[in-house]
Amino acid sequence: AKLAMGERGDDLGGDFAGTVSVKGTLASPEVALVLNSLRVDYAGHSLAALEPVTGHLDGDQLVIDSLYLGDEAEEAELFVRGRLDPGTGELDLLLQARLPAQWLELALPTARLRGTISALGRVGGSLAQPALDGQADLSGGRVILDGFPHSFDDLNAVVLAYPDRVKLDHLTGRVAEGDLQAEGTLFTHGLVVDDYRFQARAEGFRLLYPEGWLLAGDALLTLVPEEGGRLLQGSVDLARADYLRDLPVGAIQLLQGVLRRQRLEAGSADQTLAQTRLNILLRAPDALRIDNNVADLRGAVELTVRGDLARPVVLGTVELESGGELVYSDTTYEVERGLMTFSSSTRINPQIDLVAQATVRDYHVSLNLSGSLNRLQVNLASDPPLPDLEVLSLLTTGETLTRGIGFGTGEPGSPLGSSSDVARTILFGQAASVVSSRVKKLFGFDTFRIDPLSAAGDSGSAARVTFGKQLTKDLFVTYSNDPSSNRDNIVKVEWQASPGLVVEVTAVDQLTFSQSDNGALAIDLRWQKRY
């Protein structure tokens with residue numbers, strides 16, 4: 001049996017005991033076989049004779065009168081009777097089986113299967129080119145695929161076998177809270193597959209894949225053969241495409257990291273993936289939603305996925321709605337427009353056009369990203385106008401390179417010193433931003449920021465610490481202090497009186513809070529109108 005199975009026989013074992021009887025003449029003997037025990041082991045599965053195995057020779061043919069095997073532990077049964085010509089390999093066997101679907105894992109090593117398979121049919125043809133005629137049913141099936149977060153549950157299917165084809169008459173089940181239906185046909189010539197076509201439809205699914213995403217909608221996919229491989233085509237229509245997971249990086253670094261062109265070594269791709277070509281239309285009109293520490297965005301997606309499973313490429317657009325928010329270096333920008341255009345048929349390298357606005361201190365800052373990822377142009381501008389380095393310092397440290405001396409003093413600013421002081425201040429701001437984000441998350445502050453206060457000739461030894469908490473939907477309180485000095489302790493209360501009106505009450509103690517007569521109290525009204 002191992003010789004007949006070739007490499008597949010390595011896991012084959014078992015034993016048998018019985019009697020062969022020969023009667024009659026040498027010219028026309030009567031040969032009968034009775035095996036009182038028979039056990040077959042293969043790849044961790046075992047079948048044993050539930051009753052004596054009987055057979056005899058009829059001329060040159062071996063006749064199996066009764067072969068009844070089973071395994072009570074796995075609730076498996078197999079009954080075979082019929083004829084086999086050892087010389088020509090011709091078959092004429094009737095079989096009936098009830099087997100656990102787990103046995104199919106022998107052919108699908110990356111899957112975990114459960115359920116029951118019942119089969120009834122006839123096997124004709126020959127050992128080299130068997131011809132099937134019958135039916136197999138799957139009931140209560142479950143499939144778990146390696147690397148996929150959802151299982152396929154409640155699977156029920158009917159497979160019809162004909163001498164020249166095997167038809168999946170229907171398959172129903174559940175996946176990712178949605179309904180699954182599939183059908184298809186394999187056209188065969190013996191053990192060789194000549195042609196096939198399968199179609200699957202999923203409706204109302206809520207898919208947690210890829211990692212971090214929630215995709216909800218419907219899909220219709222078709223798998224057909226083509227020269228050199230196969231084609232997976234169809235459409236996916238999403239009612240929701242949500243990404244809600246917080247990320248430990250800024251928005252621009254995230255964009256560059258996710259879509260950065262990856263180097264792929266020749267021959268490293270799986271052969272099956274490389275031979276499966278894609279043509280899938282992905283539509284998510286007004287369904288894209290990104291809500292985390294980096295962004296609060298809404299948008300629409302219309303993409304076509306081409307290439308193959310090993311090297312997919314994307315064509316189409318992702319358009320963001322105006323009014324969304326991006327967070328970069330602790331500054332929140334409001335998106336005015338955002339468009340990503342995927343036009344390359346050889347790699348994923350979209351053209352980006354994004355314009356966002358932010359208010360930092362008393363400056364209105366504009367951020368513009370344009371170009372492709374490997375040649376991304378970042379332009380910053382401010383109103384009132386500031387040089388580029390001043391805008392960068394404002395975004396990084398919360399201060400321009402020429403800082404005011406005190407709160408409410410009205411004194412002119414004093415410039416930072418040399419270019420090394422400028423660089424030092426910006427670097428301190430970046431480092432402080434990392435510490436601030438970790439402390440804010442640890443202690444549950446809604447705002448926590450460390451702003452360097454180095455002046456010319458200093459080494460950045462001073463810093464202002466600011467933390468705040470949202471007390472109600474419309475009330476926010478912040479406290480700001482320089483730990484190295486007892487000056488300029490600031491408490492600010494912000495009340496959102498209406499969508500366009502904010503009332504700010506600021507108390508400043510320029511010595512200590514115990515000496516309130518040296519402090520100051522200010523009430524500001526900010527009214528904002530957007531055109």
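Biologist: Where is the place of Ile-523?
Modeller: Ile-523 sits in strand E31, which covers residues 519–527; helices (H or I, at least four residues) and strands (E, at least two) are DSSP runs, numbered from the N terminus. This is a predicted model, in which local features need pLDDT of at least 70 and side-chain atom pairs count only at pLDDT 80 or more, while totals for chains, interfaces and linings use all residues. Residues are numbered from 1 along each chain as its sequence is written, and side-chain values use heavy atoms, with hydrogens and water left out.

Biologist: Is Ile-523 buried or exposed?
Modeller: Ile-523 is exposed, with a relative accessible area of 59%, where buried means under 20% relative accessible area, exposed over 50%, and partly exposed in between (1.4 Å probe, protein chains only).

Biologist: Which residues make the nonpolar surface patch there?
Modeller: Val-505, Leu-521 and Ile-523 make a nonpolar surface patch of about 300 Å². Patches are made of residues with over 30% relative accessible area and no salt bridge, with like charges joined within 9 Å and nonpolar side chains (Val, Leu, Ile, Met, Phe, Trp, Tyr) within 5 Å. Accessible areas come from the Shrake-Rupley method with a 1.4 Å probe, and for residues only the protein chains shown count as cover.

Biologist: Back to confidence, what does the pLDDT average?
Modeller: The protein averages a pLDDT of 80, and 76% of the residues score at least 70; pLDDT is the predictor's confidence in each residue, from 0 to 100.

Biologist: And where does pLDDT stay under 50?
Modeller: One such stretch is residues 403–420, for which the model has 28 contacts beyond four places in sequence, and another is residues 454–461, with 19 contacts of that kind. Contact means heavy atoms within 4.5 Å. Where pLDDT is low, the predicted coordinates should not be read in detail.

Biologist: OK, salt bridges: how many are there?
Modeller: The count comes to 17 salt bridges, each being a side-chain nitrogen of Lys or Arg within 4 Å of a carboxyl oxygen of Asp or Glu.

Biologist: What does the one between Arg-245 and Glu-211 tie together?
Modeller: The side chains of Arg-245 and Glu-211 meet at 3.0 Å, N to O. Arg-245 lies in the loop between strand E15 (229–243) and helix H2 (251–259), and Glu-211 in the loop between strand E13 (192–207) and strand E14 (213–226), so the pair ties together parts that are 34 residues apart in sequence. Arg-245 is partly exposed at 41% relative accessible area, whereas Glu-211 is exposed at 64%.

Biologist: Which residues are linked in a network of salt bridges?
Modeller: The network links Arg-240, Asp-242, Arg-289 and Asp-291. Within it, Asp-291 and Arg-289 have their closest N and O atoms 3.5 Å apart; Asp-291 is partly exposed at 29%, and Arg-289 is partly exposed at 27%.

Biologist: Switching to Glu-183, what is it in contact with?
Modeller: Leaving aside neighbours within four places in sequence, Glu-183 is in contact with Leu-168, Asp-169, Arg-197, Phe-198 and Gln-199. Glu-183 is found in strand E12 (residues 178–189) and is partly exposed, with a relative accessible area of 44%.

Biologist: And the whole protein, how many helices and strands?
Modeller: The secondary structure comes to five helices and 31 strands, and of the 531 residues 33% count as buried.
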